[in-house]
Amino acid sequence: MADSNQWVKHIESFVGSSSSPSQQAASLDAIAALLKNDVITMEKFVREMGMYLTTTDSIIRARGMLLLGELLTLLVLKPLDDASLRSLIKFFAERLADWKGLRGAIVGCLALMHRKSNVGMISVDEARAVAQSYLQNLQVQSLGQHDRKLCFELLECLLDRYPDAVVILGDDLVYGICEAIDGEKDPQCLMITFHIVEVLVRLFPDPSGPLASFAGDLFEILGCYFPIHFTHPNGEDVDVNRDELSTSLMLAFASTPLFEPFAIPLLLEKLSSSLPSAKVESLRYLSYCSMKYGSERMAKHIAALWPLLKETIQYSLQPTSSVESETFDGVGFQENQIVSEAHKLLQKVVQQDDGLFSSLIVGDEEINSTIKSISSFKKYVDIPMQNKHKLHAVGRILSVSAGASVASCNRVFESFFQTLMDALGLSGSSGDSPQEGDYEFFENLNYGALFLCIELLDACKHLVVSSKELNSITVSPNERWCCMLQGFCASLIKSFSCALMINTDKESQNAYIRSGVKGLQILATLPGNFLPVSKSIFENILKQLMSVITLNFNKSFLWKLSLKALVEIGSFVDTCHESDKAQSFKGIVVEKIVFLISSDDSTISLSHKLEAISEIGRTGLDSMLTIVKGLENTIFAKLSAHQVQGTVEIESTIELLECLSNKLLPWFDKIGGLDEVPFHFVLNFWDHIEKSINFSIGCQEKGLLDPIMTAMKQAVAKCSEKSQSIIIQRAFYVFMSTTSFPLKDSMSVTTPAKIEASGLNHGSSCFLPRDEWIISLLASVIIALRPETHIPNIELILQKFTAALLSGNVPAAQALGSIVNKLPLKVNTVETSGGCSLEEALDIIYGNSLWTSDGYSLSRICGGISDGSEIGLSGLRSSTQESWLFHVHVVVGLAWIGKGLLMRGHEKVKGITMTIWSSLLSNGGSVAIPRPSTEQDMLPLMKSAADAFHVLMSDSEACLNRSFHAIIRPLYKQRYFSTMMPIMLSSVAKSDSSIKRSMLHRAFVHILSDTPLSAVLTEAKKLISVLVDSLSMLSKDILNKDILYNALLVLSGILMDKNGQEAVVENAHIIINHLIRLTFYPHMMLVRETAIQCLVAMSTLPHARIYPLRTQVSCHIKWQSATGSLCYELYQILSMTQKEQSGKRLSDVVKLGHQLHLKVFIFE
């Protein structure tokens, strides 16, 4: 047993007023632990607390009851004996009358009522006693917010968990609930009260029960909250938003049909409100409530609802800015939220009661007069805006009504379809294609009738699609609307085709084009069992649209709409499984598109061709397979043309490859990662290489290599491990059988003299162009491999890639980085023959004698690298001035290898880092300096070493990323940043050479800009002075403009963070001076813009720090404005600070300058 003095102290700590909240919470947890572990019993504890629960001191009594209640809440899963449970619930039920200790009583009741039967649950009679005490003693609205919330939670618990206990209370319960919730305003409490009403309704479902007599009073309480007006400021800690409150109130409104006589008139009244939010809420509530109340109850409101709904649709439209806008509906209006909700309501009421509401629609005088008036204005341009407004409203009403149900669709078609056909001048005669003179006949096509006709067709399509998705709707091909439409199908297609060719003003022409294309698309995508469009008519629609693709590409609007229509038709054909239509689509559209790509026809631009194939390919797997195969053949044909003609179409081939990489291959990921297509593409490419005797392209055409490599990597990365194994074996075989690259034996005896004679140390490749291409493509394959994929002959590959690296082949260096990133630390020789561990791979790479001038390996020179020490370049060949380029290749190669190690978190990246660092310092310590060796001579090596840190830290798209299955250890950038910053800062401080200092700043910014900002902010105070120096140093050379911009971005990030601002306060004057100078930076607009943004951010610093600098800033910006710069607006803002009587801080006026960057773009 525990020492009673110990837990009594905890009681006193919680009950006493001198304890802090944290001390009280600790005491509560300590007592709960003792009770959970049965160190003390609940009976003994309650007996010990007796004086705290019954004292006349209301404060101590309230704290004691709260302690007991909170403990029971924490012990809700601990079993209690019946005697204790009965005693406790009786105590708390009685204490509901003690308003000074009310909170503890409610908490205790809630804790006991939430218990489950397996740990001891209160009985129905005890729950009823709690409810009766609640109703007799509690005046909820007189309590504070937290206590009211507890009261509502208790009431909710009684209704949810103990309905049998409270249902017998009848009228008293309903009245008590009305009294408790009346006048509530707190959002959190309202959420509970609305749910209480829902549960109460379920408790008394009888229409003549206790709820019926209180329905009006209860709804009067609910109705005062509609529409929800949420006034709580954003800064308040309220976990309830307006939408949640509104939805909860809506559920309460619709909870019982007894609310219908009160709810519907209120909602109709609010529908006439001038507030858009009130209209939206009214429509939403009406849609939901009408379905819940039922058609019988709603029938008496239909006559009042229809005119309000029609008026809402008519007068809530907004004009569109352009006919070419995506939101253009056909007559120049776009729908807003009000209209969208109105359409949803219209659809539901039509579905609910076909006959009555449909009769109101088709018999409406305004709708009929609008349809009759369309013959008065045939052309689009002739229709007055007011008539367009009505035309749109009528079109949408008819469309929504017809699409709501089969009966309504039949009724709308019977009432208006023939009238529209007459207005279009169409007869029911059939024909498969337009005849001569049709286009001239349709030159005066009635646009109003055309628009309404398409709205009805769209409704038919919606109805058919809904019938497939919802089993509750059944549509028969023998329906009246189907028969009527079938009779005019051929004539309608003629009308739509002619609408594409009407010659008039641009706005009218585009309106006709949009309608014509949409009409053709709808007719082509109606299922054959509803509208049996003949094969010839379907093919004519496709031919009509394809003629636009091939002949009218200069008409951008028509071309894009036609392409979009073909995509929709293709997707429909792919999903409906109609073999005849699928065959026609493939022959007329897909194969024609493929032919356009392969042909040399220049009448249509290549960009249009590629856009067409990428969009058409998305219609289905068969279409994509055909297109990808055709694109592959075209690419191989263009590459093969080089073998025959000696030239290759570089730009077109690059565009084809980019389309394949960026648009077609990624599509297969979206449909489930089908790897057959990328797998066969890669194999076919290597087959093509093997068959091409002279597969190479001249130096002037090397721009083609990068897109080929990208396509190769993208394709290989999408393949499975099994497919990748086949690919790498095939690629390695072609590489070995077709290149003149030195074999393993000859490589081992290759001397530095031979390499130097070959020109390797001069930076020129020692490979034939064909060999260089093939090794780059092999590197692309290896870069994209999965870590599990076995690489054959890896030792030989490592040696050859090392030699290629030293020749300046960057893909080979990237491949080595990928290999060391993905290789396992250990290899199971039993499972994997010919495998290689990471340690073995590094030994092979560093053991290559090609690295050094004396034939020894790097690892031998530095005595091994197992300890992660500096590799050292002291033995690298350095006999001539030109060998600096060789050193550069070494540094680049080591950077990519180091990147692979860094990303996986391997310790040997330290040795590579220190080697690169030595090259950056070039102090003659670990790097052999060629003679003569001035700082200017060393500049290429130092610059390469500085940029190596960008390689190490940046996110590369070429390799070592998640797309290419790289192993990435979390937070590797942050760890490397923490390691390098002390070294960097120390070296910058000690540097006495301007060139070396410049390179150090270059490396510093590379690391800083590629590190996550959160890590930079933790060290901002240490970094800010060096960062500011970097701005000055980097701004001196135009070649550093991109790095300078990155440095400014880092500074901007620091300035935008509160902790970062604290770091810059001490250097505010220096930073502002540098930023002012950068606003004049002539070489890059983004630098000037970001400098101004940083100045604006600086204006938020403490007034005492920045106010003395206002004159300086104003003078500089005034000079800029005088020279014609668009900083004039910022000068005007800053000049406001001259009026000191305004009392504004500099930040209050400068912050308005954030708009300035928009003007800078205009200026450029």
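Contact here means heavy atoms within 4.5 Å. As for the labels, helices (H or I, at least four residues) and strands (E, at least two) are DSSP runs, numbered from the N terminus.

Before going on, a word on what you're looking at. This is a predicted model, in which local features need pLDDT of at least 70 and side-chain atom pairs count only at pLDDT 80 or more, while totals for chains, interfaces and linings use all residues. Residues are numbered from 1 along each chain as its sequence is written, and side-chain values use heavy atoms, with hydrogens and water left out.

Back to that helix pair. Two packed helices are described by the angle between their axes and the distance between the axes. Axes are lines fitted to C-alpha atoms, for helices over the stretch in contact, and angles run from 0 to 180 degrees between N-to-C directions. For α21 and helix α23 (residues 406-424), the axes come within 11 Å and cross at roughly 15 degrees. That makes α21 roughly parallel to α23. The cut-offs are these: angles under 35 degrees count as roughly parallel, over 145 as roughly antiparallel, 65 to 115 as roughly perpendicular and the rest as oblique. The crossing of α21 and α23 is right-handed; a crossing gets that name if the near helix is turned clockwise from the far one by less than a right angle, and is left-handed if anticlockwise.

Now step back to the whole protein. It has 60 helices and 2 strands. Of its 1164 residues, 55% are buried, where buried means under 20% relative accessible area, exposed over 50%, and partly exposed in between (1.4 Å probe, protein chains only). Take the contacts between residues at least 6 apart in sequence: 75% of them join residues at least 24 apart.

Helix α36 (residues 705-717) and helix α40 (residues 769-783) pack with their axes 8 Å apart, at an angle of about 30 degrees. α36 and α40 are therefore roughly parallel to each other, and α36 passes α40 in a right-handed crossing. On the α36 side, the residues are Leu705, Ile708, Met709, Met712, Lys713 and Val716, and they meet Trp773, Ser776, Leu777, Ser780, Val781 and Ile783 in α40. This contact divides into 9 nonpolar, 2 polar and 1 charged.

For a helix with several neighbours, look at α11 (residues 171-181). Its buried residues are Leu173, Val174, Gly176, Ile177, Cys178, Ala180 and Ile181. They pack against α8 (124-137), α9 (145-161), α10 (163-166), α12 (187-203) and α13 (210-223). After α11 comes Gly183, whose phi is positive, near 90 degrees.

Next, the charged pairs. There are 25 salt bridges in the structure, each being a side-chain nitrogen of Lys or Arg within 4 Å of a carboxyl oxygen of Asp or Glu. One of them joins Asp364 to Lys310, with the closest N and O atoms 2.9 Å apart. Asp364 is in the loop between α20 (354-362) and α21 (365-372), while Lys310 is in helix α18 (residues 302-315), so to speak a link between distant parts of the chain, 54 residues apart. Both Asp364 and Lys310 are buried.Glu455 and Arg396 form another salt bridge, their closest N and O atoms being 3.0 Å apart. Here Glu455 belongs to helix α25 (residues 447-469) and Arg396 to helix α22 (residues 385-404), and the two are 59 residues apart. Glu455 counts as buried at 4% relative accessibility, and Arg396 is buried too, with a relative accessible area of 17%. Leaving out residues up to four places away in sequence, Arg396 touches Glu335, His343 and Glu455.

A further salt bridge pairs Arg730 with Asp687, the closest N and O atoms being 2.6 Å apart. Arg730 lies in helix α37 (residues 721-738) and Asp687 in helix α35 (residues 676-691), so the pair ties together parts that are 43 residues apart in sequence. Asp687 is partly exposed, with a relative accessible area of 25%. Elsewhere, salt bridges that share partners join Arg61, Arg95 and Asp98 into one network.

Finally, find Lys910 in helix α46 (residues 909-921). Lys910 is exposed, with a relative accessible area of 54%. Lys910 and Thr979 are 69 residues apart in sequence, and 9.7 Å separate them in space, C-alpha to C-alpha.

Key. Ala, Val, Leu, Ile, Met, Phe, Trp, Tyr, Cys and Pro count as nonpolar, Asp, Glu, Lys and Arg as charged, and the others, Gly among them, as polar.
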